[in-house]
Amino acid sequence: MRDLELVADCSRCAGLCCVLLPFRAEDGFGVDKAGGEACHNLDDRNLCRIHDRLSGSGWTGCVRYDCEGAGQHVTQATYAGLDWRSGAVNLAEMAAVFSVMRVLHSHLAALDPDSAAFVETAALTNGTPEDLLALDLGDLPGP
């Protein structure tokens, strides 16, 4: 469980934050975008067309944002590499699971990796979409 990735790796994600989250230009996201709408910089492989020049292009919000590994975990582990574009995964369900996983990964980042609470929380991240959506996030183990 200690090797659980708690840093975003956009190359292994299905562009979840780029689709699911709303953006506001005034917050450093270049344009206003509604949640559930794909960012116009996202290509058909779910990679950012301007990733190597985000800051200089007015997208500092993307540089600051870190899902703490939740995006790649949902894409690679929970949905075994499937993504919302394939039609094999319901975008609304994937969005809800991503929201839960963001809370779990944020909680993990605040815990000591040697603690029982870390091990218990990390185990929760391996649940099915149904398991994850049924979690009571207010009842996560503390430090």
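**Close-up views of a predicted model**

**View 1. The largest pocket has a lining of 22 nonpolar, 7 polar and 2 charged residues.** In this count, Ala, Val, Leu, Ile, Met, Phe, Trp, Tyr, Cys and Pro are nonpolar, Asp, Glu, Lys and Arg are charged, and the others, Gly among them, are polar. This is a predicted model, where local features need pLDDT of at least 70 and side-chain atom pairs pLDDT 80 or more, while totals for chains, interfaces and linings use all residues. Residues are numbered from 1 along each chain as its sequence is written, and side-chain values use heavy atoms, with hydrogens and water left out.

A pocket here is an open set of points on a 1 Å grid over the protein atoms alone, where a 1.4 Å probe fits, with protein on both sides within 12 Å along at least five of seven lines; lining residues have an atom within 4 Å of a point. The largest pocket holds about 510 Å³ of space, the volume being what probe spheres set on the points fill, with points joined across faces, edges and corners. Of its 31 lining residues, Cys10, Cys17, Cys18, His51 and Cys62 sit nearest the centre.

View 2. H1 (16-20), H2 (60-64) and H3 (70-78) each supply at least two residues, and H1 gives the most, with 3. Helices are DSSP runs (H or I, at least four residues), numbered from the N terminus.

View 3. Cys10 is partly exposed, at 42% relative accessible area, whereas Cys18 is buried at 18%. (Buried is under 20%, exposed over 50%, partly exposed in between, with a 1.4 Å probe and protein chains only.)

**View 4. Helix H5 (residues 116-124) has buried residues.** They are Ala117, Phe118, Thr121 and Ala122. Seen down the axis of H5, they fall within an arc of 130°, so they line one face of the helix; the arc is taken from the directions from the axis to the C-beta atoms. These buried residues pack against H4 (91-109), contact meaning heavy atoms within 4.5 Å.

**View 5. Ala88 lies in the loop between H3 and H4.** Ala88 is exposed, with 54% relative accessible area.
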